[in-house]
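Trainee: I have a new model to go through. Can we look at it together?

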Amino acid sequence: MEVLRVSNVIPEARNIATVMIEPKDIARFKALRPGQFVMVWVPGVDEVPMSVSFLGGSPFSLGMTVQDIGEATHALCSLEKGDLIGIRGPYGKGFRFPRSPEGWMVIGVSGGVGTASTILAMEEASRRGLRTVELVGARDNGSLLFRGRWERSSSDVRYITDDGSSGRQGFVTDLLREAIGPLTSDERRRTMVLTCGPEPMLVSVRDLLKGSGIGCQFSLERFMKCGIGVCDSCSLSGHRVCQDGPVFALSQVLRMEEMGMFHRDRSGRKVPLKECVR
Ligand SMILES: Cc1cc2nc3c(=O)[nH]c(=O)nc-3n(C[C@H](O)[C@H](O)[C@H](O)COP(=O)(O)OP(=O)(O)OC[C@H]3O[C@@H](n4cnc5c(N)ncnc54)[C@H](O)[C@@H]3O)c2cc1C
Ligand code: FES
């Protein structure tokens, strides 16, 4: 574990902030694949998994965009420049991209703080010369994240909010349905969806893409303790999300009978998804 001082804390939206650090082991983090995660230790509080939402700059920095929903995330959002945190990782499997950009389209489907996982991936897709479409959903205008970064990385960015205060009113899956509707079967074969967001949203994406001929990669979340495949607390239908994921292909997600139905709590007990806030 690297123990580092926080270099900045950037307020992003209501109850959401990006915590920046400057890792010493730059080579390790330069090799990170978008979608991989780190385990973040807040001294005296807890250690929790976080996606890497920013990587680069000068001095080389790593950012984690955190939604305040409990003890550890509240402590992370309350950090100030100079405070100490510990970082392990990067861990898990990240998003994969088509080998050649020729003829391919990548559609990002991002909901809420799930954008913290997709933003880096969609920026990477643009850098690789892939045609990108960014579909970004949030509860309301005040919760929409990374507007500037989406618009710098793609010429086709579409927003939607639950209350219509930004973009259209509706769910991000409405935008996905419209985006894929007109595609021919040949175009579908060369379309890849990358998605992260609340689990009910991911279930809708799964159902929409099942049998569509379009590939999809899902970034999934489960309660994590070790982050390295040892404790089994992140178990999801026989997969360890920390090691086999957190990014899974549509074909894997279609076989996960617990997806959208059950989570595991801190003690490992299987609990209905509706008992979790996410
Ligand atoms: C791979 C991965 C990447 C993540 N990336 C981010 C990120 O970029 N930004 C961010 O804000 N959060 C992210 N999370 C979720 C974050 O780790 C949890 O919100 C955090 O652990 C909650 O800790 P807490 O002490 O604040 O809340 P707790 O008090 O532990 O929990 C508050 C509520 O959230 C639920 N919860 C806690 N952890 C999870 C989980 N892992 N999955 C589903 N429900 C959970 C609990 O059941 C409880 O209802 C990620 C999770 C994973 C597994
Ligand atoms: S968090 Fe321990 S096995 Fe995944």
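**Strands, ligand and domains**

Trainee: Which residue in β4 is the bridge partner of V38?

Mentor: M50 in β4 is bridged to V38. Before going on, note that this is a predicted model: local features need pLDDT of at least 70, side-chain atom pairs count only at pLDDT 80 or more, and totals for chains, interfaces and linings use all residues. Residues are numbered from 1 along each chain as its sequence is written, while chains are lettered from A and ligands numbered from 1 in the order in which they are written.

Trainee: OK. In what sense do β3 and β4 pair?

Mentor: The sense is antiparallel, with six bridges between β3 and β4. Strands pair if DSSP finds at least two bridges between them. Strands (E, at least two residues) and helices (H or I, at least four) are DSSP runs numbered from the N terminus.

Trainee: How many residues sit between β3 and β4?

Mentor: Three, and the two strands form a hairpin. In the turn, G44 has a positive phi of about 80°.

Trainee: Switching to the ligand. Which residues are closest to ligand 1?

Mentor: V48, G70, A72, T73 and A116, out of 26 residues that surround ligand 1. To count, a residue needs its C-beta atom, placed from the backbone, within 6 Å of the molecule. Elements giving two or more residues to this shell are β4, β6 and α2 (71-77).

Trainee: Which one gives the most to the shell around ligand 1?

Mentor: That is β4, with five residues.

Trainee: And where does ligand 1 lie relative to domain 1 and domain 2?

Mentor: Domain 1 (2-91) and domain 2 (105-275) both give residues to its shell, so ligand 1 lies between them. The bounds come from an automatic or database domain assignment.

Trainee: How far apart are the C-alpha centres of domain 1 and domain 2?

Mentor: They are 21 Å apart. The contact takes 18 residues from domain 1 and 18 residues from domain 2. On the domain 1 side, β1 (2-13), β3 (37-42), β4 (46-51), β6 (61-67) and β7 (84-91) each supply at least two residues. With three residues, β7 gives the most to that side. Contact means C-beta atoms, placed from the backbone, within 7 Å.

Trainee: What about the open sheet, what is the order of its seven strands?

Mentor: The order is β11-β10-β9-β8-β12-β13-β16, and the pairing is mixed. At the edges are β11 (168-169) and β16 (247-249), each pairing on one side only. Inside the sheet, β8 and β9 run parallel and are joined by seven bridges. G137 in β9 is the bridge partner of G111.

Trainee: Then helix α5. Which residues there are buried?

Mentor: In α5 (residues 172-180), V172, T173, L175, L176 and I180 are buried. They fall within an arc of 150° seen down the axis, so they line one face of the helix. The arc is that of the directions from the helix axis to the C-beta atoms. These buried residues pack against β8 (105-111), β9 (131-138), β10 (157-161) and α7 (199-209).

Trainee: Last one, L55. Which strand is it in?

Mentor: β5 (residues 54-56).

Trainee: Why does L55 count as partly exposed?

Mentor: Because L55 has 18 C-beta neighbours inside 10 Å. Not counting residues up to four places away in sequence, L55 touches F29, L32, L62 and L120. L55 and M20 are 35 residues apart in sequence, and their C-alpha atoms are 9.4 Å apart in space.

Note on methods. A residue is buried if 20 or more other C-beta atoms lie within 10 Å of its own, exposed if 12 or fewer, and partly exposed in between; C-beta atoms are placed from the backbone. Two residues are in contact if their C-beta atoms, placed from the backbone, lie within 7 Å.
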